[in-house]
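These are comments for a student reading the model for the first time. Please keep the structure open while going through the points.

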Amino acid sequence: MPETRVAVLAAGGTGGHLFPAQALAQALTARGWRIVLATDDRVQSLSGDFPAERLIPLSAATARPGDPLGMARAGVAILKGVMQARAALAEIKPAIVVGFGGYPSLPALIAAITSGRRTMIHEQNAVMGRANRLLASQVTAVACAFPTLQKAPAAVQAKAVVVGNPVRPEVRAIYDQAYVAPDPAGEVRLLATGGSQGARVLSDLVPRAVSQLPDILRKRLKVQQQVRAEQLDTARATYAAAGVEAEIAPFFSGMAQRLAACHLTIGRAGAGTVCEIAVAGRPAILVPLKIALDDDQGQNARLLAEAGGAEVLREDALTAESLSALLRSLIEDPARLARMAAAAKAVAKPAAADRLADLVETTAG
């Protein structure tokens with residue numbers, strides 16, 4: 001009987017890097033692989049449900065360009081992590097090491113590349129992240145979520161395989177559910193999420209935009225909105241004064257069920273958010289984070305916008321008035337919402353985790 005193969009998955013920095021790695025781990029485990037997670041101390045607290053038989057903590061650090069001292073410290077930390085990773089890989093003897101971006105993924109990938117092992121990276125955004133960019137030309141294979149891969153060298157773009165972004169199983173299940181547009185005179189369910197970064201803007205503007213809608217539309221709305229804790233009272237007061245039924249909280253559980261039930265969603269344009277909206281097949285208003293590096297959120301949003309599945313409002317042009325006008329035009333046109341839902345689903349890749357697992361097995365040989 002052949003020996004079970006081992007895959008080392010290197011991910012860290014944020015949940016945006018870790019969750020696709022977790023989806024791949026689940027897919028590979030189902031195929032009989034053994035999984036080892038290489039990460040840094042910050043992410044160990046998020047890795048409790050990760051299906052790995054072993055966790056390798058590696059030294060790593062992040063530094064922004066223009067900060068020489070910070071970059072030097074990061075370099076020392078990463079070098080230490082490389083030495084830790086080389087020792088661990090020599091013991092584990094993995095068939096492949098897969099990186100998911102973020103500087104904490106670098107030590108394991110560098111150790112694997114320099115010891116002649118099979119390697120792969122997965123880029124979640126439409127713009128290749130800086131850590132992935134450093135090693136993309138050196139790895140055996142490159143997988144990406146979006147059909148565009150900006151900032152990547154031409155040779156890397158040519159070899160990249162578009163597999164999509166793995167989504168949670170409960171979101172994947174929405175793909176099989178038909179979107180039902182609101183009745184022209186019936187209830188309209190609006191789901192607004194702020195994202196962890198820059199959430200203050202949407203926490204403030206969405207309630208004010210809704211309050212500016214005509215009374216006949218406000219009476220039809222049921223809003224669920226994630227709002228920063230310090231803005232809860234203001235948001236609740238704004239909705240109450242407008243006569244809008246609203247559920248407001250800093251955090252919602254059961255987000256997949258809420259996404260499935262909504263007629264329209266408003267949120268940022270992180271890679272995970274965009275891909276989940278596409279798989280769910282829900283019309284969206286996207287507000288890319290202005291301060292995002294390399295405008296990666298703006299480029300992510302293009303996937304849905306160019307397909308006709310989302311409207312994009314840039315922060316520089318975002319006001320309560322502009323958002324309210326867009327909301328009104330969408331709510332008053334159920335057929336348009338239905339077209340947007342179908343367009344979003346048309347660009348979805350619901351089998352991304354399995355496609356990524358296929359590429360891992362092909363690359364590992």
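1. Helix α2 covers residues 68-92, 25 residues in total. Its end C-alpha atoms lie 35 Å apart, which agrees with the 36 Å it should span at 1.5 Å a residue. The expected span is 1.5 Å times one less than the number of residues. Helices (H or I, at least four residues) and strands (E, at least two) are DSSP runs, numbered from the N terminus.

2. A word on the source: this is a predicted model, where local features need pLDDT of at least 70 and side-chain atom pairs count only at pLDDT 80 or more, while totals for chains, interfaces and linings use all residues. Residues are numbered from 1 along each chain as its sequence is written, and side-chain values use heavy atoms, with hydrogens and water left out.

3. Which residues of α2 are buried? They are G70, A74, A77, I78, G81, V82, A85, A88, L89 and I92. Buried means under 20% relative accessible area, exposed over 50%, and partly exposed in between (1.4 Å probe, protein chains only). These buried residues pack against β1 (6-10), β2 (34-39), β3 (54-57), β4 and α3 (106-114). After α2 comes K93, with a positive phi near 55°.

4. Strand β4 (residues 96-99) runs parallel to β5, and three bridges join them. Two strands pair if DSSP finds at least two bridges between them. V98 stands opposite M120 in β5.

5. Strand β5 (residues 119-123) is largely enclosed by the rest of the structure, because five of its five residues are buried. Both of its faces are covered: T119, I121 and E123 are buried on one side, M120 and H122 on the other.

6. T119 has a relative accessible area of 1%, so it is buried. Leaving out residues up to four places away in sequence, T119 touches I96, V97, L109, A112, I113, Q138, V139, T140, A141 and T363. Contact means heavy atoms within 4.5 Å.

7. Elsewhere there is an open sheet of six strands, in the order β10-β9-β8-β11-β12-β13, with parallel pairing. Its edge strands, β10 (245-249) and β13, each pair on one side only. From one strand to the next, the twist averages 15°. Between β12 and β13 there are three bridges in the parallel sense, and A284 stands opposite A310 in β13.

8. Helix α12 lies across β12 and β13 and runs at about 130° to β13. Axes are lines fitted to C-alpha atoms, for helices over the stretch in contact, and angles run from 0 to 180 degrees between N-to-C directions.

9. How do α11 and α12 meet, and at what angle do they cross? Their axes come within 9 Å and cross at roughly 15°. That angle makes α11 roughly parallel to α12. Angles under 35 degrees count as roughly parallel, over 145 as roughly antiparallel, 65 to 115 as roughly perpendicular and the rest as oblique. A271, V274, I277 and A278 of α11 make the contact with N300, A301, L303 and L304 of α12.

10. Helix α14 (residues 334-346) has 13 residues and reaches 19 Å from first C-alpha to last, close to the expected 18 Å. Its buried residues are P334, L337, M340, A341, A343 and A344. What covers them includes β11 (264-267), α11 (271-280), β12 (284-286), α12 (296-307), β13 (310-312) and α13 (320-331).
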